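Visitor: Hi! I have a protein on my screen and could use a hand reading it. Can we walk through it together?

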Amino acid sequence: MADHRHNIIYKLELIPPSYRGNQLRKFLAFHFLQTCLLLNEISNPVYPTVRDIADDKYMKATYLKILMHKDDPNYSMLLVIIKLIDFVVGNEVYESFSADNLISINVLMQLLTRIRSKIPRIGAAHKTGKTILHVRLMNHIHILDERWGKGRSRDDALKKSKSGVK
């Protein structure tokens, strides 16, 4: 990975939001996520999904624990990792939040909760001059909580409507 991590995010955002563009974005985000977490073994599935990243190999990666260290969290790198996870999850309502993916999305939401609990309050970030990075990270976590929560509730509503429960 020769590019700076922020350039990778910008390049992924340039891919058009079409069916094939979403597939390409997920595949590249999955690959970049593995390299950002400094994993020794890189896996290469045919089509990476949220189930592939909701694995202990990713969620308990040593480098992720180092990035979340409470004394000096790396806000910038954590934001990149969260954005890459978001690209892999995707935002197609029926595909991303299908019943098969909900368990994995719950695991990822637990990761967001863990990151949020490890990040110190904004006062500590202000003392180190990292206020903007802190706000951007916490804002993106909040956005994902909202979007993934709505995706899960849509799937629950769909199940209820199919079963006839009101």
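Guide: Happy to! One term before we start: pLDDT is the predictor's confidence in each residue, from 0 to 100. We need it because this is a predicted model.

Visitor: Where in the protein is that confidence lowest, and where is it highest?

Guide: Helix H9, residues 122–127, has the lowest confidence, with a mean of 66. The highest is in helix H2, residues 19–36, at 89.

Visitor: And what is the mean pLDDT of the protein?

Guide: The mean is 80, and 87% of the residues reach 70 or more.

Visitor: Good to know. How many helices and strands are there?

Guide: There are 10 helices and 0 strands. Reading along the sequence, you get α-α-α-α-α-α-α-α-α-α.

Visitor: What share of the residues is buried?

Guide: Of the 166 residues in the protein, 42% are buried. Here is something about contacts too: among those between residues at least 6 apart in sequence, 66% join residues at least 24 apart.

Visitor: What about H6 and H8, at what angle do they cross?

Guide: H6 is residues 75–89 and H8 is residues 99–118; their axes cross at roughly 165 degrees and come within 12 Å. That makes H6 roughly antiparallel to H8, because angles over 145 degrees count that way. H6 also passes H8 in a left-handed crossing.

Visitor: Which residues make the contact there?

Guide: From H6 you have Leu 78, Ile 82, Ile 85 and Val 89, and from H8 you have Ile 105, Leu 108, Leu 111, Leu 112 and Ile 115. By class, that contact has 9 nonpolar residues, with no polar and no charged ones.

Visitor: Can we zoom in on single residues now? Is Leu 64 buried or exposed?

Guide: Leu 64, which is found in helix H5, counts as buried because its relative accessibility is 2%, and the cut-off for buried is under 20%.

Visitor: Which residues is Leu 64 in contact with?

Guide: Leaving aside neighbours within four places in sequence, its contacts include Leu 37, Leu 78, Ile 81 and Leu 111. Leu 64 and Ile 115 are 51 residues apart along the chain, and their C-alpha atoms are separated by 9.5 Å.

Visitor: And Lys 70, buried or exposed?

Guide: Lys 70 is exposed, with a relative accessible area of 58%; the exposed class starts over 50%. You will find Lys 70 in the loop between helix H5 and H6. Beyond residues up to four places away in sequence, Lys 70 touches Lys 118 and Pro 120.

Visitor: Let me try another loop. Where does Ala 61 lie?

Guide: Ala 61 lies in the loop between helix H4 and H5. At 5% relative accessibility, Ala 61 counts as buried. Setting aside residues up to four places away in sequence, Ala 61 touches Leu 37, Leu 39 and Asp 56.

Visitor: Last one: what does His 140 touch?

Guide: His 140 lies in helix H10, residues 131–163. Not counting residues up to four places away in sequence, His 140 touches Leu 79, Ile 82, Lys 83 and Asp 86. His 140 is buried, with a relative accessible area of 15%.

How values were computed
Residues are numbered from 1 along each chain as its sequence is written. This is a predicted model: local features need pLDDT of at least 70, side-chain atom pairs count only at pLDDT 80 or more; totals for chains, interfaces and linings use all residues. Side-chain values use heavy atoms; hydrogens and water are left out. Axes are lines fitted to C-alpha atoms, for helices over the stretch in contact, and angles run from 0 to 180 degrees between N-to-C directions. Helices (H or I, at least four residues) and strands (E, at least two) are DSSP runs, numbered from the N terminus. Angles under 35 degrees count as roughly parallel, over 145 as roughly antiparallel, 65 to 115 as roughly perpendicular and the rest as oblique. A crossing is left-handed if the near helix is turned anticlockwise from the far one by less than a right angle, and right-handed if clockwise. Contact means heavy atoms within 4.5 Å. Ala, Val, Leu, Ile, Met, Phe, Trp, Tyr, Cys and Pro count as nonpolar, Asp, Glu, Lys and Arg as charged, and the others, Gly among them, as polar. Buried means under 20% relative accessible area, exposed over 50%, partly exposed in between (1.4 Å probe, protein chains only).
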